[in-house]
Amino acid sequence: MAEAQVMDKLVSLAKRRGFIFQSSEIYGGLGSVWDYGPLGVELKKNLKERWWRSMVHERSDIEGVDAAILMHPKVWEASGHVEGFTDPLVDCRNCKARFRADQLDQFQCPQKPSKHPGEADQCDLTEPRMFNLMFKTFMGPVEEDAAVVYLRPETAQGIYVNYLNVMQAARQKVPFGIAQVGKAFRNEITPGNFIFRTREFEQMEMQFFVRPGDDERWFDEWKAARMQWHQSLGIRPEKLRFHEHAPDELAHYAKKAFDIEYEFPFGWQEFEGIHNRTDFDLKRHQEYSGKKLEYMDPTTRDRFVPFIIETSLGADRLALVVLVDAYREESVEGEERVVLGLAPSIAPIKAGVFPLVKKDGMPEMARRIHDDLQRRFPVFYDDGGSIGRRYRRQDEAGTPFGVTVDGQSIEDQTVTVRDRDSLAQDRVHADQLAAYLEERITA
Ligand code: GAP
């Protein structure tokens, strides 16, 4: 399958099966904003829950928060976003398209796709001008400068401004971390590639506060832990790699940074960043708020502003990684099938339940099994069409197991369980079915 086709096929499957729809589609859509449908919302929720479990529930040195999207405007002055969160923008006076001036070589001229913007005779590009990516709005009824607030472009700042509150309330000591999942907004000049770069997205960020001098050890630890976590989702290791930021790539706050990249059909691209942010953020908030943000070590009684190691993952970008990684087309017993080989723990539906035929007590037994399983995890009942077609529909949705009630089931209360990937069929007693599936879903 040509790599270029994979994205088109995935976008089409995502819509057809209810993973992802374009926002406001009936009005022609809103640029680079997407809605998650019934299967998509389950997939993304499973990813966020797994992240939260590994970051917060399974550790005693990380606490969770859920800070507001709107923050005091001074936060964004302190963070450097008002001054520096900008991209250079150029417009073409001829075709009216807009590009990032520093990435012209990555775009095609809309009128001459074999050329980059600026290369064709008709191209008439403006001088680059700096464009701030933050969405601005107004608090209260009056649209005046004094009332300006921003939609947060990263969730991290909501953690920094709460670091003392959380540390004191949860009686934590450095080193410790704070984790958050939430929406972020960026008025990207050149969004695209489906849900890869959008204007509204979700981040899963964790900020780990450490003693200066311990930062490099913690950085290495988090770098390894994050790569290992992605592999635990079943993402193919050969499609993952680190990319270290060269000095000219580093963000203004970072001393060192590594991206975790995935090989998408459109090339290697970042989906998580691990940053050593030093004491930049807390010192800036200390300066702009006038409030001391030092930590006093209870044993040595020395004072310092902690360094921060950040892990920053996009929930939507991760959803794209797992969808791309799971998508495959194959031939089974002479028939073509499309499969999403999602790990059972993140699959939106865990099992399809099917009566082999619509008679002889099979639908009634299948319904009973469905209703029992539904209390434990998401399942789907389907009695429409041939059993082969029903399997195919669930393969496409990424459902890892198919439970079929047949003639033998009525006699001995056993059902067949089909594995989506190996196609192996086990016979399992109905009484043991929930435990059988649960063991495989949580593995
Ligand atoms: N707090 C640090 C920070 O925000 P970033 O590298 O700008 O760092 C971190 O963003 C992650 O957030 C990215 O690796 C990506 O997964 C996600 N992300 C950033 N911009 C995005 C966008 N426009 N659309 C979707 N995801 C985005």
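The ligand takes up the space of the largest pocket; a pocket here is an open set of points on a 1 Å grid over the protein atoms alone, with protein on both sides within 12 Å along at least five of seven lines. The model is a predicted one, so to speak of local features pLDDT of at least 70 is needed, side-chain atom pairs count only at pLDDT 80 or more, and totals for chains, interfaces and linings use all residues. Residues are numbered from 1 along each chain as its sequence is written, and side-chain values use heavy atoms, with hydrogens and water left out.

Two or more residues of the shell around the ligand come from each of strand 10 (200–210), strand 13 (267–278) and strand 16 (307–314), strands being DSSP runs of E with at least two residues, numbered from the N terminus. Strand 13 gives the largest share, five residues.

Around the ligand there are 20 residues, and Glu-154, Glu-188, Thr-198, Glu-205 and Glu-270 come nearest. Sorted by class, the shell holds ten charged residues, five polar and five nonpolar, where Asp, Glu, Lys and Arg count as charged, Ala, Val, Leu, Ile, Met, Phe, Trp, Tyr, Cys and Pro as nonpolar, and the others, Gly among them, as polar.

Oxygen atoms of the ligand also pair up with the protein: a polar side-chain atom of Arg-186 is 2.8 Å from one, a side-chain N or O atom of Gln-203 is 3.0 Å from one, and a backbone N or O atom of Gly-314 is 3.0 Å from one.

Definitions and conventions: A residue is near a molecule or strand if one of its heavy atoms lies within 4 Å of it. A polar contact is a pair of N or O atoms within 3.5 Å; within protein, one must be able to donate a hydrogen and the other to accept it, and residues adjacent in sequence count only if both atoms are side-chain atoms. On a 1 Å grid over the protein atoms alone, a cavity is a set of points where a 1.4 Å probe fits but cannot get out, and a pocket is an open set with protein on both sides within 12 Å along at least five of seven lines; lining residues have an atom within 4 Å of a point. A molecule sits in a cavity or pocket if more than half of its atoms lie within 2 Å of its grid points. Helices (H or I, at least four residues) and strands (E, at least two) are DSSP runs, numbered from the N terminus.
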